[in-house]
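Me: Can you walk me through this one? I'd like the overall layout, then a helix pair, then a couple of residues.

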Amino acid sequence: MRPPQDPDRWSRLTAVAGEALAAARAGEDAVAVDLVTGYLSGSPEGNEEIRELVLLLFAECSSMVSALGSGGATPVKMQVFDEDGNEVQIDDADPPVRTAIRALLAEVHGDQDAASEQIEIALANGAPQELATVVLQALRWTLKLAIECETRDLPVAPWITASLDDQP
C-alpha cells in the first residue's frame with residue numbers, strides 16, 4: 001500500500017496501527033481492536049481510515065511474507081486453526097477469517113484491488129464483531145511476521161519495529 005497523499009493522515013494511521021500492535025502484543029486484544037475501530041470510526045472518514053489501516057497491515061504482512069519466502073530456509077505456510085487447535089480448511093473457516101485470509105493472499109499476489117474489495121465487504125456487510133475479527137487477524141499476523149522477520153534479521157517497517165520496541 002502506498003502512503004496516502006496526506007502525510008498527516010499517514011502518520012495518524014501508522015500511529016494508531018502501532019498502538020494497536022503494541023496492545024495486541026501485550027495480549028490486550030479488545031484494546032487493540034478498539035484502537036482501530038473505535039478511534040478511527042469517530043473520525044469524519046471513519047470507514048475509509050479503517051479500510052486503509054487494515055490494508056496497510058496486510059500490505060506490511062505481504063512484504064514480510066515475501067522477505068521470509070525469498071531464499072528462506074523455511075517456507076511461509078498459511079494455516080487456520082479452530083478453538084481446539086485443529087487445522088481447518090480455509091473455505092471452512094468463519095466468514096471474517098476467510099475475508100482476512102483472502103485479503104492477505106490478494107496482497108501477497110499483488111492484487112491490491114481484490115484485497116481492498118475484501119475489506120470493503122467486511123465493512124459493508126459484516127457485523128461489528130466480524131470486523132473486529134478481521135482487524136484482530138491483521139494485527140496478529142503482522143505481529144507474528146514482524147517477530148519472525150526480526151529473528152531472521154529481515155526488514156520490518158520502521159513504524160512496526162518502533163511499536164514493538166517497548167514490548168518484552
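Predicted model: local features only at pLDDT ≥ 70, side-chain atom pairs only at ≥ 80, totals over all residues.

Me: What does the secondary structure of the protein come to?

Reply: Seven helices and two strands. Along the sequence the pattern reads α-α-α-β-β-α-α-α-α.

Me: And how much of the protein is buried?

Reply: Buried residues account for 45% of the 168 residues. The protein exposes about 8900 Å², and carbon and sulfur atoms supply 48% of that area.

Me: What share of the contacts join residues at least 24 apart?

Reply: Counting contacts between residues at least 6 apart in sequence, 66% join residues at least 24 apart.

Me: On to the helices. At what angle do H4 and H5 pack?

Reply: About 160°, with the axes 7 Å apart. H4 covers residues 95–108, and H5 covers residues 112–125.

Me: Roughly parallel or antiparallel, and why?

Reply: Roughly antiparallel, because angles over 145 degrees count that way.

Me: Left-handed or right-handed crossing?

Reply: The crossing of H4 and H5 is left-handed.

Me: Which residues make the contact?

Reply: From H4, the contact is made by Thr99, Arg102, Ala103, Ala106 and Glu107. From H5 come Gln112, Ala114, Ala115, Gln118, Ile119 and Ala122.

Me: How do they divide into nonpolar, polar and charged?

Reply: The residues of the contact of H4 with H5 comprise six nonpolar, three polar and two charged.

Me: Let's pick Gln118. Buried or exposed?

Reply: Gln118 counts as buried, because its relative accessibility is 15% and the cut-off for buried is under 20%.

Me: What does Gln118 touch?

Reply: Leaving out residues up to four places away in sequence, Gln118 touches Thr99, Arg102 and Ala103. Thr99, Arg102 and Ala103 belong to the H4 side of the contact with H5.

Me: Different residue now. Where is Ala124?

Reply: Ala124 is in helix H5.

Me: Is that one buried or exposed, and why?

Reply: Exposed, because Ala124 has a relative accessibility of 60%, and exposed means over 50%.

Methods
Residues numbered from 1 in each chain as written. Heavy atoms only, no water. Helix = DSSP H or I, 4+ residues; strand = E, 2+ residues; numbered from the N terminus. Buried < 20%, exposed > 50% of the residue type's maximum accessible area, 1.4 Å probe, protein only. Contact = heavy atoms within 4.5 Å. Axes fitted to C-alpha atoms, helices over the stretch in contact; angles between N-to-C directions. Parallel < 35°, antiparallel > 145°, perpendicular 65-115°, else oblique. Left-handed = near helix turned anticlockwise from the far one by under 90°. Nonpolar A, V, L, I, M, F, W, Y, C, P; charged D, E, K, R; others polar. Areas by Shrake-Rupley, 256 points an atom, 1.4 Å probe, with all protein chains shown as cover.
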